[in-house]
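Please read its points alongside the sequence and the model.

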Amino acid sequence: MTWSENPRHQGLRRRLVDALKIKGIRDERVLAAIGKVPRHAFMESTFLNFAYKDQAFPIGAGQTISQPYTVAFQTELLMVEPQCKVLEVGTGSGYQAAVLCEMGAKVHTIERQKELFVKASQLLPELGYHPAFHFGDGFRGLPTYGPFDRIIVTAGATSVPEELKTQLVIGGRMVIPVGPDRHQEMVVVTRTGETEFETGKHGGFVFVPLLRGVVN
Ligand code: SAH
């Protein structure tokens, strides 16, 4: 992967951050992270010129890099603090993982498609981001690495997987889009006790589906 950064990219990122503010993103730490992560490094060459548009784009293997607004919205809801232990389900391009690393989180990210797992695990260290990469089915979470302070799922689930809920620390939060194909509601699950959870809903989004099993 060849990658370079020039002042034009910084200007485009500043404009993207302004656009996200207008759309309602308030968390300064989220905006600062999006202002720093070079999204163009995550894009296929065909879409390079659109890297700082607020849109989702194909990244290969039938998947997409999420729209920056969606990344910002989910990250804001996640309320990450520096040193938070975060599990991301659905590495994809690795962009969301990079944003979380930029915010100082300790990130574990899991992807079920080998091709995307390999690409992201090569690219992020080149950009100075060092999450732990895992290849596998994120439905089950990562029991041996948990529990997690935060869990973010970046593909649409038909319901909240129980195994993910139980990998949250008490007081931990999970942000997960839930609903049938192409009609997900952004759901925040907070673990309030050993067996108690609270759920809040935060509007409609469109995600690629969370699928079972792996693709080698
Ligand atoms: N966070 C990504 C968005 C990728 S789209 C980014 O910033 O680019 C969602 C990703 O979730 C896809 O790469 C898809 O392959 C992956 N995915 C779907 N179901 C999964 C599962 N059960 N476990 C792990 N990854 C999964």
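1. A polar contact is taken here as a pair of N or O atoms within 3.5 Å. The model under discussion is predicted. In it, a polar atom in the side chain of Glu88 lies 2.9 Å from a nitrogen atom of the ligand.

2. An N or O atom in the side chain of Glu111 is 2.6 Å from an oxygen atom of the ligand.

3. How much of the ligand's accessible area does the protein cover? On its own the ligand has 580 Å² of accessible area, and the protein covers 99% of this. The space that the ligand takes is the largest pocket.

4. Several elements contribute two or more residues to the shell around the ligand: β2 (63-65), β3 (85-89), α4 (95-102) and β4 (106-111). Strand β2 provides the largest share, with 3 residues.

5. The ligand is surrounded by 27 residues, and the closest are Glu88, Ser93, Glu111, Gly138 and Leu211. Which classes of residue make up this shell? The shell has 11 nonpolar, 12 polar and 4 charged residues.

6. Aromatic side chains deserve a separate remark. The structure holds 7 aromatic pairs. In the pair formed by Tyr69 and Phe73, the ring centres are 5.8 Å apart and the planes stand at 35°, so this pair is tilted. Planes under 30 degrees apart would count as stacked, and those over 60 as edge-to-face. Both residues belong to helix α3 (residues 68-78); because Tyr69 and Phe73 are 4 residues apart there, about one helical turn separates them.

7. Most residues other than glycine have a negative phi, and most peptide bonds are trans. Ala61, a residue other than glycine, has a positive phi, near 55°. Ala61 is located in the loop between β1 (57-60) and β2.

8. From Gly146 to Pro147 the bond is cis, with omega near -5°. Where does Pro147 lie? Pro147 is in the loop between β5 (132-135) and β6 (148-153).

Key: Residues are numbered from 1 along each chain as its sequence is written. This is a predicted model: local features need pLDDT of at least 70, side-chain atom pairs count only at pLDDT 80 or more; totals for chains, interfaces and linings use all residues. Side-chain values use heavy atoms; hydrogens and water are left out. A residue is near a molecule or strand if one of its heavy atoms lies within 4 Å of it. A polar contact is a pair of N or O atoms within 3.5 Å; within protein, one must be able to donate a hydrogen and the other to accept it, and residues adjacent in sequence count only if both atoms are side-chain atoms. Accessible areas come from the Shrake-Rupley method with a 1.4 Å probe; for residues, only the protein chains shown count as cover. On a 1 Å grid over the protein atoms alone, a cavity is a set of points where a 1.4 Å probe fits but cannot get out, and a pocket is an open set with protein on both sides within 12 Å along at least five of seven lines; lining residues have an atom within 4 Å of a point. A molecule sits in a cavity or pocket if more than half of its atoms lie within 2 Å of its grid points. Ala, Val, Leu, Ile, Met, Phe, Trp, Tyr, Cys and Pro count as nonpolar, Asp, Glu, Lys and Arg as charged, and the others, Gly among them, as polar. Rings of Phe, Tyr and Trp (its six-membered ring) pair if their centres lie within 6.5 Å; planes under 30 degrees apart count as stacked, over 60 as edge-to-face and the rest as tilted.
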